[in-house]
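Here is a short briefing for a first look at this structure. Keep the sequence and the 3D view at hand while reading.

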Amino acid sequence: MRKIIYLLLFMVSAIHAQTKMTNVEASLLKEKVKSQAEKTNTISSDFVQYKHLDFLSNDIVTSGNLAFKNPDLVKWEYVKPFVYSVIFKNENLYINDEGKKSDVNLSSSKLFKQLNKLIVSSVKGDMFDEKEFDISYFKQESTSEVHFTPLNKKISKYIKAFHIQFNIQGDVVEIKMIEPSDDYTRIVFSNRIINTPLSDAVFAH
Amino acid sequence: MRYLLISLLFLLASCASYQQRNNFEVLEISDKVITNPYFSDVAKDYVYKANIVFYDKSFGGLFIVKKIEENHHRVVFTTEMGAKIFDFSFHYNEFKVNYILDEMDKKILLNILEKDFRVLVREKEKTITKSIKNNSELLETKIVSKKYYYLFNKGILNKIARTNNGKEKVVFLFSKISDASAENIKILHNNIKLSINLKSI
């Protein structure tokens with residue numbers, strides 16, 4: 001009997017591991033992330049990406065590094081198990097696929113521009129735009145998690161929700177992009193260094 | 001008269017079967033079953049780095065195949081960053097589009113992809129003819145009314161060709177083969193500028 005009670009208690013606490021924040025807690029977090037984002041000129045970080053497709057036995061794991069420079073330069077580079085990088089610069093994507101270079105101009109597609117902007121802002125975590133998202137705030141042991149559900153139907157066709165995890169300093173530690181099918185891409189950051197000098201050469205193509 | 005003979009000969013030569021064109025000797029009709037082992041393990045996730053070249057455009061991404069059960073496969077293509085481009089199911093001869101990016105939702109393109117990937121993941125087929133040359137075996141079959149030839153060298157499947165009037169229209173090339181899996185796969189079209197290159201990761 002005691003075991004059952006422990007088990008029940010454990011289950012209850014497991015369910016409650018992620019609890020909704022109060023309005024005060026939510027606005028404190030929002031302020032913290034916003035002020036952190038404002039102070040951020042560069043970000044350099046490693047990442048591991050887990051692509052989850054429901055029918056697969058294991059997630060597809062790829063890894064690499066990220067470089068960000070204010071206001072909107074992003075280089076996303078995979079190193080394992082293949083070498084591939086994409087630079088978001090102005091209204092272009094510059095792709096280097098194992099040495100094969102190509103570029104995509106996004107200026108003709110409003111949707112791609114929007115998606116592009118989302119990727120850039122999700123790197124900093126500053127997506128608190130209530131006109132664009134339905135936002136809910138949760139707290140876990142040492143991290144906070146915010147769920148951003150796009151209100152724009154054109155975007156929600158591709159991404160049902162962004163779940164962003166923040167550490168105590170208000171830095172992004174994990175991004176999860178959930179598709180309408182519930183398959184998702186989870187990106188976990190590590191060795192995240194803020195405001196280390198990054199030369200423009202990093203974003204050259 | 002001579003012209004007639006020459007043109008008749010020419011006509012005959014141009015009607016040569018795929019086996020004849022490739023100097024294979026056709027044997028008696030075989031009841032052998034053709035086996036393509038490359039996507040046959042339900043326990044395995046088959047993940048390839050893909051490069052698709054369509055006319056002057058080149059797309060990169062991840063090409064994923066999963067055998068769900070006998071005669072049932074999922075075939076998914078995503079960008080490197082994980083966004084889905086298409087997601088198909090093949091169940092016996094049935095083809096289902098679970099998802100496709102609006103920009104790619106074109107009937108002509110879907111037909112091509114359906115035909116290509118059906119053959120790619122198809123595991124067992126009845127043989128119509130069998131022909132041989134040295135250490136190679138060429139097995140003929142029909143998949144959804146199209147003629148295909150499976151080329152085995154020393155028992156290993158290296159190539160599948162879809163033919164029309166004895167000529168190759170689409171070829172599937174398998175290389176770097178070990179443990180019933182092909183590290184490199186190429187799907188090349190002769191009548192349209194489309195090639196799909198897959199490299200196992």
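Predicted model: local features only at pLDDT ≥ 70, side-chain atom pairs only at ≥ 80, totals over all residues.

Residues are numbered from 1 along each chain as its sequence is written, chains are lettered from A and ligands numbered from 1 in the order written, and side-chain values use heavy atoms, leaving out hydrogens and water.

**The sheet of chain A**

- Chain A holds an open sheet of twelve strands with antiparallel pairing. The strand order is 1-8-9-10-11-12-2-3-4-5-6-7.
- Strand 1 (19-20) and strand 7 (100-105) of chain A each have a single partner strand, so one side of each lacks a neighbour in the sheet.
- Strands here are DSSP runs of E of at least two residues, and helices are runs of H or I of at least four, numbered from the N terminus. Two strands pair if DSSP finds at least two bridges between them.
- Strand 1 of chain A pairs with strand 8 (residues 133-139) of chain A over two bridges, in the antiparallel sense. A:K20 has A:F138 in strand 8 as its bridge partner.
- Strand 6 and strand 7 of chain A pair over six bridges, also antiparallel. A:Y94 stands opposite A:D103 in strand 7.
- The hairpin of strands 6 and 7 of chain A has two residues between the strands. In this hairpin, A:E98 takes a positive phi near 50°.

**Helices across the strands**

- Helix 2 (residues 23-39) of chain A lies across several strands of chain A, including strand 9 (144-150) and strand 10 (161-166). Helix 2 runs at about 105° to strand 8.
- Helix 3 (residues 110-124) of chain A runs at about 150° to strand 11 (172-178) of chain A.
- Angles run from 0 to 180 degrees between N-to-C directions, with axes fitted to C-alpha atoms, for helices over the stretch in contact. Contact means heavy atoms within 4.5 Å.

**Exposure in both chains**

- B:F59 lies in strand 4 (residues 57-69) of chain B. B:F59 is partly exposed, at 37% relative accessible area.
- Buried means under 20% relative accessible area, exposed over 50%, and partly exposed in between (1.4 Å probe, protein chains only).
- A:N191 lies in strand 12 of chain A and counts as exposed at 54%. A:N191 touches A:S44, A:S45 and A:D46, not counting residues up to four places away in sequence.
- A:S181 sits in the loop between strand 11 and strand 12 of chain A. A:S181 is partly exposed, at 45%.
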